[in-house]
Structures are given as C-alpha cells and as structure tokens.
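Student: I have a model open and would like to talk it through. Could we go over it together?
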Amino acid sequence: MRPIRDNALSLVFGALFVLAIAGQAIAGYLDENDSLDQHGMPLQTFGAYLTSSSFTVDVAENWQSEFLQFFLFILATIWLVQRGSPESKKPGDEGPGDDKEQLVGEYALAGSPKWAKVRGIRQVIYSNSLLLVMGALFLFSWLAQSLGGTNVANEENAEHGLPAITWLEYIATPDFWSRTLQNWQSEFLAVGAMITLSIYLRQRGSSESKPVGAPHHVTSASSD
Amino acid sequence: MPDFTTEEEGPRLGEAIVFWSCISLMAVGLAYMVAIPLTGR
C-alpha cells in the first residue's frame, strides 16, 4: 500500500487528533455534567455540550497556542540560529536567502511551484505562505477562544447574579489571559527544549535529530 | 540551508489529499468554534 506508506506521518497524526478530540469531548461532557449536578442544575445532553462555548473555548485555547508556536518558530528561524541544533540553520546563514538558494525566479526548477517561477506579489505571497497561514490560524483560533470565553464567563456571571460583560471587557480579564498564557508558556518551553536538547541528544532515524555520530557543534547534517 | 534535491518521481495524489484534508479540517473547525459562541450557545 504505497499511498499509505508515503503519507504515514500525516495519517497517523490525523488519527491521533481524531481520537484525542473525541476523548476530550467525552471527558469534557462528563466533567461539565458533574459540575452541573453539584450545583443542582439540569444535566446537558452530549449534543448540547458539543455545541456549547464550554467545549469550543477549551479546544480553541489549545489550538491558538499550537499555531502561535509554529508561527513564531518559523519566523524566528529566518533570522536567529542556534549553533549545534538541527532545528536551526547554521550560523552565518541568517536571513531569507537569495533567489539561487531559494530556487525562485530564473533559478526555479522545471517542477517548481508556478508562483515560485513568477516575479512580483505572487512570489512574495508564496515565499511567505507557510508563515501567513500559521499566523491566520493563530488569530482565528485566538478569536474563537475569546468569543467562547466571553459566553462561558457570562454563564458564570448569570449563575452568580452578576451583569454580563462584552467581548472587549472579557479580553481584558484575568480569565482570558490565564487561559492564554498557560498555553503559551508550555509551547515556548517545549520549542526551547527541542532546540537546545537536540544539540547534545540524538534519536537515531528521526528527521528531527542530527545523525547519532554528528559532532555536537555541527548545526545540521549539511553544515560544514 | 538543507540540501535540496528534487524527487526522481513526480507528484502523487496522496500528498495533495492529505494537504487539502488538513486545510479543510482546520477551516471547518475554526468556523465552527467562531460560529458557536456567536449563536449565543
């Protein structure tokens, strides 16, 4: 089954995502009903939970931090290096690179993407397309988190007889920033750990590692 | 820069399917997560 083998990495992570979000939905539903039961309130159906802001805010707050992580990692690795890390370009290679290195314009190959061969705005957009899409995914996820969080906060306010707040008021609350920053800190730590640990540690056979016998100071397999 | 050499074989349908499936999944998921709070649920 060559198509399966050729796309195994995407397929496995796609399947893991489906299993994990199904598990999150079930566990979140049971937790929500436990909470409603403790407050003597009527229990929710599973369908009502899946179409509630309680569910979407929990999903969105994790999505936004993951996409921010990749957005910042892609952006930072244009201009910053870490000597010895396979996650980095080698020192001296900072910057966006010239057309020859990037195989664009007159240096494009026969099989290069069409927008890599042309000049102008299309090449600029395509040259930054990964960063642009990650940035858009981050902003929409963060927006979804803030909208869902506003509704959840207002449900809690109603239970306590407090007035409802607007979206603008919610994004200035400690709840919004607590949900946001607790996710950001873990992402930044994980990226930093991957960059630094891979200087001295190896995983034989992984594309995320230098070859086992590569010297520690070598930044990637193709470094001098 | 990493060494870059073109694949000997041409593009296949599989990578296009996983790419557009991923984009579609994320677009639908984000639209859902933005729409649900806007309906007041």
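Predicted model: local features only at pLDDT ≥ 70, side-chain atom pairs only at ≥ 80, totals over all residues.

Student: What is the mean pLDDT of chain B?
Tutor: Chain B has a mean pLDDT of 85, and 80% of its residues reach 70 or more.

Student: How many helices and strands are there in chain B?
Tutor: Chain B has one helix and zero strands. Of its 41 residues, 12% count as buried.

Student: How many residues does that helix have, and what does it reach end to end?
Tutor: Helix α1 of chain B covers residues 13-38, which is 26 residues. From its first C-alpha to its last it reaches 37 Å, close to the 38 Å expected at 1.5 Å a residue.

Student: What follows α1(B)?
Tutor: B:G40 follows α1(B), and its phi is positive, near 85°.

Student: Which residues of α1(B) are buried?
Tutor: They are B:G29, B:L30, B:M33, B:I36 and B:P37.

Student: Which helices do the buried residues of α1(B) pack against?
Tutor: They pack against α4 (53-79) and α8 (129-159) of chain A.

Student: How many residues does each chain bring to the contact?
Tutor: Chain B contributes 16 residues and chain A contributes 27 residues. On the side of chain B that touches chain A, 10 residues are nonpolar, two are polar and four are charged.

Student: Turning to the largest nonpolar core, which residues touch the most other members?
Tutor: The core has 22 residues, and those touching the most other members are A:A60, A:F67, A:F138, A:A144 and B:M33. At least two residues of this core come from each of α4 and α8 of chain A and α1 of chain B. The helix that gives the most is α8(A), with nine residues.

Student: What does A:A60 touch?
Tutor: Leaving aside residues up to four places away in sequence, A:A60 touches A:S141, A:A144, A:Q145, A:G148 and B:M33.

Student: How is chain A divided into domains?
Tutor: Domain 1 of chain A spans 1-51, and domain 2 is made of 56-94 + 131-224. The C-alpha centres of the two domains lie 22 Å apart.

Student: What about α10 of chain A: how many residues does it have?
Tutor: Helix α10 of chain A, residues 174-200, has 27 residues. It reaches 39 Å from first C-alpha to last, close to the 39 Å expected at 1.5 Å a residue.

Student: Which of its residues are buried, and what do they pack against?
Tutor: In α10(A), A:F176, A:R179, A:I195 and A:S198 are buried. The buried residues of α10(A) pack against α4, α8 and α9 (167-170) of chain A.

Student: Now single residues. Is A:F13 buried or exposed?
Tutor: A:F13 counts as exposed because 12 other C-beta atoms lie within 10 Å, and 12 or fewer is the cut-off for that class. A:F13 is placed in helix α2 (residues 8-38) of chain A. Between A:F13 and A:I165 there are 38 Å in space, C-alpha to C-alpha, and the two are 152 residues apart in sequence.

Student: Is A:K114 buried or exposed, and where is it?
Tutor: A:K114 counts as exposed because it has 9 C-beta neighbours inside 10 Å. Its place is in helix α6 of chain A.

Student: Where is A:E101, and how far apart in space are A:E101 and A:P42?
Tutor: A:E101 is in helix α5 of chain A. A:E101 and A:P42 are 63 Å apart in space, C-alpha to C-alpha, and 59 residues apart in sequence. A:E101 is partly exposed, with 13 other C-beta atoms within 10 Å.

Technical notes: Residues numbered from 1 in each chain as written. Chains lettered and ligands numbered in written order. Contact = placed C-beta atoms within 7 Å. Nonpolar A, V, L, I, M, F, W, Y, C, P; charged D, E, K, R; others polar. Domains from an automatic or database assignment. Helix = DSSP H or I, 4+ residues; strand = E, 2+ residues; numbered from the N terminus. Expected span 1.5 Å × (residues − 1). Buried ≥ 20, exposed ≤ 12 C-beta atoms within 10 Å, placed from the backbone. Core = buried A, V, L, I, M, F, W, Y, C linked by C-beta atoms within 7 Å. pLDDT = per-residue confidence, 0-100.
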